[in-house]
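Please read them alongside the sequence and the coordinates.

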Amino acid sequence: MISIHRKGKELSEIELKVINEARINAFNSKRIIAPTKGDQEWDKDFFLILVNRKIVSIGCLEAVTVKVNSIQFSILGISRIIAIEEGKGFGRAVMDSIKNYLVENDKIGMGFCNPSKSMFYSKCGYTIMPNAQNNFEYFE
């Protein structure tokens, strides 16, 4: 298993194709990721797990500003976590890569996920903030 970390601007056409197909399959996403200089995808951190040179899981970190008690904080939002083949530890592997990156770079990461996914994040060693959804508002 190999972990790769790339900025959006460094992703190959093949990697982008796999990422976009996985997002359609996992989330029924209509938005295509195609990093272009100056757009929001250009400098995002993408994490890919490969087995036998094939992408098996994907994750992303993106700069997010949150406000808590009227104080703004810059954090990295954990997003786009996809195990192309579930139940084989590939999702956990990408979460471990993201966690290692956050620790090594002394960054704060936070995921905003569906509560049904909380068990997965707990198994990966992440802390779940009970009722945290009441403290944040997401704008797309």
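1. Arg-31 and Glu-41 form a salt bridge, with their closest N and O atoms 2.4 Å apart; the term stands for a side-chain nitrogen of Lys or Arg within 4 Å of a carboxyl oxygen of Asp or Glu. Both residues sit in the loop between α1 (13-27) and β2, 10 residues apart. Arg-31 is partly exposed at 33% relative accessibility, whereas Glu-41 is buried at 2%. Here buried means under 20% relative accessible area, exposed over 50%, and partly exposed in between, with a 1.4 Å probe and protein chains only. Arg-31 and Glu-41 also belong to a network of salt bridges that includes Lys-44, Glu-62 and Arg-80.

2. On the source: this is a predicted model, in which local features need pLDDT of at least 70 and side-chain atom pairs count only at pLDDT 80 or more, while totals for chains, interfaces and linings use all residues. Residues are numbered from 1 along each chain as its sequence is written, and side-chain values use heavy atoms, with hydrogens and water left out.

3. Asn-20 is a residue of helix α1 and is buried, at 9% relative accessibility. Leaving aside neighbours within four places in sequence, Asn-20 is in contact (heavy atoms within 4.5 Å) with Arg-31, Ile-32 and Ile-33. The C-alpha atoms of Asn-20 and Arg-31 are 8.3 Å apart, at a sequence separation of 11 residues.

4. The structure holds 10 salt bridges. One of them joins the side chains of Lys-7 and Asp-45, at 3.1 Å from N to O. This pair links distant parts of the chain, with Lys-7 in strand β1 (residues 2-7) and Asp-45 in strand β2, 38 residues apart. Lys-7 is partly exposed at 25% relative accessibility; Asp-45 is buried at 5%.

5. Another salt bridge is formed by Glu-85 and Lys-54, whose closest N and O atoms are 3.6 Å apart. Glu-85 lies in the loop between β4 and α2, and Lys-54 in strand β3 (residues 54-68), so that distant parts of the chain, 31 residues apart, are linked. Each partner counts as partly exposed: Glu-85 has a relative accessibility of 26% and Lys-54 one of 48%.

6. What is the arrangement of elements from the N terminus on? The elements run β-α-β-β-β-α-β-α, which comes to 3 helices and 5 strands. Helices (H or I, at least four residues) and strands (E, at least two) are DSSP runs, numbered from the N terminus. Of the 140 residues, 37% count as buried. Among contacts with a separation of 6 or more, 62% are between residues 24 or more positions apart.

7. Helix α2 covers residues 90-104, and its end C-alpha atoms are 21 Å apart. The expected span is 1.5 Å times one less than the number of residues; for the 15 residues of α2 this gives 21 Å, which agrees. Its buried residues include Phe-90, Val-94, Met-95, Ile-98, Tyr-101 and Leu-102. Asp-106, which follows α2, has a positive phi, near 50°.

8. The count of aromatic pairs is 1. Rings of Phe, Tyr and Trp (its six-membered ring) pair if their centres lie within 6.5 Å; planes under 30 degrees apart count as stacked, over 60 as edge-to-face and the rest as tilted. The rings of Phe-47 and Tyr-101 have centres 5.6 Å apart and planes at 70°, so the pair is edge-to-face. Because Phe-47 lies in strand β2 (residues 45-51) and Tyr-101 in helix α2, the pair ties together parts 54 residues apart in sequence. Phe-47 is buried at 2% relative accessibility, and Tyr-101 is buried at 16%.

9. The accessible surface of the chain is about 9,400 Å², with 51% belonging to carbon and sulfur atoms. Areas come from the Shrake-Rupley method with a 1.4 Å probe; for residues, only the protein chains shown count as cover. Val-68, Ile-71 and Phe-73 make a nonpolar surface patch of about 240 Å². Patches are made of residues with over 30% relative accessible area and no salt bridge: like charges are joined within 9 Å, nonpolar side chains (Val, Leu, Ile, Met, Phe, Trp, Tyr) within 5 Å. Phe-73 belongs to strand β4 (residues 71-83) and is partly exposed, at 39%.
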